[in-house]
Amino acid sequence: MLESLDLLVIAFLAFLGMFAILLEPLSSSPLRPVLGLVLLFFLPGYALTRFLYPSKRELGFLERIALSVGFSIVLAVVIGLTLNYMFIGLGTKVVAFSLSLITLIFVLFSSLRRKLRTKRR
């Protein structure tokens, strides 16, 4: 269970970031910019990094953080370009929802991959 604690925290922060931007009472709170920046620059990349490198021994702490920020920026650009060329368009709520959704998808895939790895051993 402790092995999946980081994924639970990432999923919780993704939900919290999505609700802070989508819900009106929370959208005017000072928590919104902080959660928005974390959602934009860290959460999707960390979830993708945990999916690609599931073992904590494969990457060091700084390498994992650097890859998380880099992957998050790349994912934000790809999601932004995709939304811009779709009929949905770009908007704060749409981008926040998309980043939260992709983060939760990678968290789900990461947890499934961890379970499959532990069953093989």
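**Contacts, salt bridges and a surface patch**

Trainee: Which residues does Leu22 touch, not counting residues up to four places away in sequence?

Mentor: Leu22 touches Lys93 and Phe97 once those sequence neighbours are set aside. Please keep in mind that we are looking at a predicted model.

Trainee: Where is Leu22 found?

Mentor: Leu22 belongs to helix H1. Its relative accessible area is 27%, so Leu22 is classed as partly exposed, between the limits of 20% and 50%.

Trainee: And how many Å apart in space are Leu22 and Ala11?

Mentor: Their C-alpha atoms are 16 Å apart, and the two residues are separated by 11 residues in sequence.

Trainee: Let us change topic. How many salt bridges does the count come to?

Mentor: The count comes to two salt bridges. In general, side chains of opposite charge can pair when their charged atoms come close.

Trainee: Which side chain meets that of Arg50 in a salt bridge?

Mentor: The partner of Arg50 is Asp6, with a distance of 2.9 Å from N to O.

Trainee: Which residues do the salt bridges that share partners join into one network?

Mentor: The network is made up of Asp6, Arg50 and Arg114.

Trainee: Back to H4, please. At roughly what angle do the axes of H4 and H5 cross?

Mentor: The two axes cross at roughly 115° and come within 7 Å of each other. The crossing is right-handed.

Trainee: Which residues make the contact?

Mentor: On the H4 side, they include Leu43, Pro44, Tyr46 and Arg50. On the H5 side, Arg64, Leu67, Phe71 and Leu75 are among them.

Trainee: Which residues form the nonpolar patch on the surface?

Mentor: The patch consists of Leu37, Phe41, Val69, Ile73, Val77, Leu81 and Tyr85, and together they have about 680 Å² of accessible area. Two elements give two or more residues to this patch, namely helix H3 (31-41) and helix H5 (61-85).

Trainee: Which helix gives the most to the patch?

Mentor: H5 gives the most, with five residues. Leu81 is found in H5, and at 48% relative accessible area it is partly exposed.

Trainee: One last residue. Where does Ser100 lie, and is Ser100 buried or exposed?

Mentor: Ser100 lies in helix H6. It counts as buried, because its relative accessibility is 0%. Leaving aside neighbours within four places in sequence, Ser100 is in contact with Ala14, Met18 and Leu39.

Note on methods:
Residues are numbered from 1 along each chain as its sequence is written. This is a predicted model: local features need pLDDT of at least 70, side-chain atom pairs count only at pLDDT 80 or more; totals for chains, interfaces and linings use all residues. Side-chain values use heavy atoms; hydrogens and water are left out. Patches are made of residues with over 30% relative accessible area and no salt bridge: like charges are joined within 9 Å, nonpolar side chains (Val, Leu, Ile, Met, Phe, Trp, Tyr) within 5 Å. Accessible areas come from the Shrake-Rupley method with a 1.4 Å probe; for residues, only the protein chains shown count as cover. A salt bridge is a side-chain nitrogen of Lys or Arg within 4 Å of a carboxyl oxygen of Asp or Glu. Helices (H or I, at least four residues) and strands (E, at least two) are DSSP runs, numbered from the N terminus. Buried means under 20% relative accessible area, exposed over 50%, partly exposed in between (1.4 Å probe, protein chains only). Axes are lines fitted to C-alpha atoms, for helices over the stretch in contact, and angles run from 0 to 180 degrees between N-to-C directions. A crossing is left-handed if the near helix is turned anticlockwise from the far one by less than a right angle, and right-handed if clockwise. Contact means heavy atoms within 4.5 Å.
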